[in-house]
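Open the model in your viewer and keep the sequence panel beside it. The tour below goes from one selection to the next and says what is found at each stop.

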Amino acid sequence: MTNPDLAITIAGVKFDNPVMVASGTFGYGDEYAPIVDIDQIGAVVSKTLTLKPRPGHPPIRTFETPAGMLNAIGLANIGIDRFIEEKMPFLRTKKCRCVVNIAGQTIEEYAEAAAKFNDVPGVHMMEINISSPNVKKGCMEFGSSPQLTFECIQAIKGATKIPVMAKLSPNVTSITDIAQAAEEAGADCLSLINTIVGMAIDIRKKRPILSNITGGLSGPAIRPVGVAMTWKVYQKVKIPIVGMGGIMNLQDALEYIFAGASAIQVGTANYVDPNTSVKIVAGLKNYLQENDVCCFKELIGIAQK
Amino acid sequence: MIYQANSTVLANQKLGEGCHKLILECPPVAKESRPGHFIHIQVNPYCFPLLRRAFSIYDSDGKKTLEVVFKVVGQGTSLLSKKEPGDQLDLLGPLGNNFTELGSDEIGIMLAGGLGIVPVYFYAKELTKENAGLRIYFLYGAKNRSELYCLNDTDQLQAKLFYSTDDGSFGYQGYLTQLLEKLIKSENLPLEKIKIYACGPEPMLARLSDYAVANSLFCELSLEVGMPCGMGTCMGCVVKYQPDKNQEISYKRVCCEGPIFKAGEVVFD
């Protein structure tokens, strides 16, 4: 197979390849431009954006743990208006798809945030953060209840025609119930998993390390959790899944894809090697060639068959 | 310009108990390295420890090589301390901002506390090279003599050298900030001509910051905090920022809005 097809269409949006960079780990896209050829990536997912700018939590915000890290940034961001004005012009010059990630404190705020992008050229998809564990109001508050997930996604779908990807939390009793609620509400696709609630204590100071006390655990430590949840959700919904959680290389990406992910996101690995996503794209192409697979789509969920 | 580039370890010199100097060959990063910059080193190709480690640049020949000096404090630095000539390390850099220039009629005072010598030495070396004619005072302090790891290098600087140790085992007994106050008085230095460049433990920087603000001294502090990305994306390495006490505290990323801040801008807890 000389030229395998890496393209994937999700919710009517065609991605050149199934490798995205995860929200919060790639800034607004321009920061890594000096060292990463963003045109090679399937999509850049923006840092979570809110109607008004947010300063985020006081330090300390991050802490390294075995094969992972905790973060409690607190959705620090420049706000949707500044993002559209200052960051979208750069993203529009790129070949890759642009996914904006949004959050709010109320269902009305989510819908209003979504509507802000209706007339913005170059926004291909919207990822809904109903899963960050690090804020008091909004996010995981909605994403941990099937009913609130349904209401939130339904309100957003009513406010925008941009395809909607609901980003789900692993910190729930049944992620499949949440996934089905999102699907019923009209979500075009799902992304999972967000970080797992965790905590570290400074034993010298006898105090929690993070100012927010708890944070979200990410990195290779959580990959088996993400793969299992992708597997379970794939069996319960018809809409596509974008898998993430601890993907460091092609092998990790393939686990998610074989479990049922139509695309994957690279998160914490960007901090270790900013070119991880570019390397996974190249590795995936080689893999398809070596295994005589004509197109990437054939790999999705093959461990389930 | 920032690069992600492979470097080769040329030498690993032990400067004292648990303190190492790594000399790395990495032309793209070396060419762009300026005093104040840091590099982000991938210490391990595996998953534990996971994140890169940030190191201020101690020296660079501006062509091929650069140097870092560090103390073993955890797993990342422990791995680095075992590197041998020929080993490869992935670098991101040079990152961060630089110290402000020193005018020909100004007086530069460098304050190096412990391993905080790293960025300060790089700048002192540049300011004192080739008979630049600048008036430079270099104050270097540590807990005790054995922790003044870089004495052999500082002795070569064409600057007025002053040393301090907490226990009095070398030079002035006391804090660097006390030594600074003493120096300004004894040399009768005009405050408005002084530019202070400092790096060191947080308590030292906090004391220095208060002293500089109280005396309206120009003073720059290079900060060290843990930073996951080093490129401004993760928002994880922030410090409290409040240059105007009438305004609310905001946050600045040390990796890309620092690591150098002016005294009085950063709130030390």
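Before the first stop, one convention is needed: a helix axis here is a line fitted to the C-alpha atoms over the stretch in contact, and the angle between two axes runs from 0 to 180 degrees between their N-to-C directions. The model is a predicted one.

**First stop: two helices of chain A**

Select helix H5 (residues 175-184) and helix H6 (residues 223-236) of chain A, whose axes come within 9 Å and cross at roughly 45°. Angles under 35 degrees count as roughly parallel and those of 65 to 115 as roughly perpendicular, and H5(A) and H6(A) are therefore oblique to each other. The crossing in which H5(A) passes H6(A) is right-handed. To see where they meet, show the side chains of A:Ile175, A:Thr176, A:Ala179 and A:Gln180 on H5(A), and those of A:Met229, A:Lys232, A:Val233 and A:Lys236 on H6(A). Coloured by class, this contact of H5(A) with H6(A) shows four nonpolar, two polar and two charged residues.

**Second stop: another helix pair in chain A**

Now select helix H2 (residues 107-115) and helix H4 (residues 146-159) of chain A, which pack at an angle of about 30° with their axes 8 Å apart. H2(A) and H4(A) are therefore roughly parallel to each other, and their crossing is right-handed. On the H2(A) side the contact is made by A:Ile107, A:Tyr110, A:Ala111, A:Ala114 and A:Ala115, while H4(A) brings A:Glu151, A:Cys152, A:Ala155, A:Ile156, A:Gly158 and A:Ala159. By class, the contact of H2(A) with H4(A) has nine nonpolar residues, one polar and one charged.

Along its principal axes the C-alpha trace of chain A spans about 55 × 45 × 40 Å.

Turn to chain B, which holds seven helices and 16 strands, and whose C-alpha trace spans about 55 × 45 × 35 Å along its principal axes.

How many residues of domain 1 of chain B are in contact with domain 2 of chain B? There are 20 of them, and they meet 19 residues of domain 2 of chain B. Strands E1 (3-16), E3 (38-42), E4 (53-56), E6 (65-71) and E7 (88-95) of chain B each give two or more residues to this side of domain 1, and E6(B) gives the most, with three residues. By class, the side of domain 1 of chain B that touches domain 2 of chain B has 12 nonpolar, four polar and four charged residues.

**Last stop: where the chains meet**

Finally, show both chains together and select the contact between them, which takes 25 residues from chain B and 29 residues from chain A. On the side of chain B that touches chain A, at least two residues each come from E1, strand E14 (238-241) and strand E15 (250-253) of chain B, and E14(B) supplies the largest share, three residues. The residues of this side of chain B divide into 16 nonpolar, seven polar and two charged.

Note on methods. Residues numbered from 1 in each chain as written. Chains lettered and ligands numbered in written order. Predicted model: local features only at pLDDT ≥ 70, side-chain atom pairs only at ≥ 80, totals over all residues. Contact = placed C-beta atoms within 7 Å. Helix = DSSP H or I, 4+ residues; strand = E, 2+ residues; numbered from the N terminus. Nonpolar A, V, L, I, M, F, W, Y, C, P; charged D, E, K, R; others polar. Parallel < 35°, antiparallel > 145°, perpendicular 65-115°, else oblique. Left-handed = near helix turned anticlockwise from the far one by under 90°.
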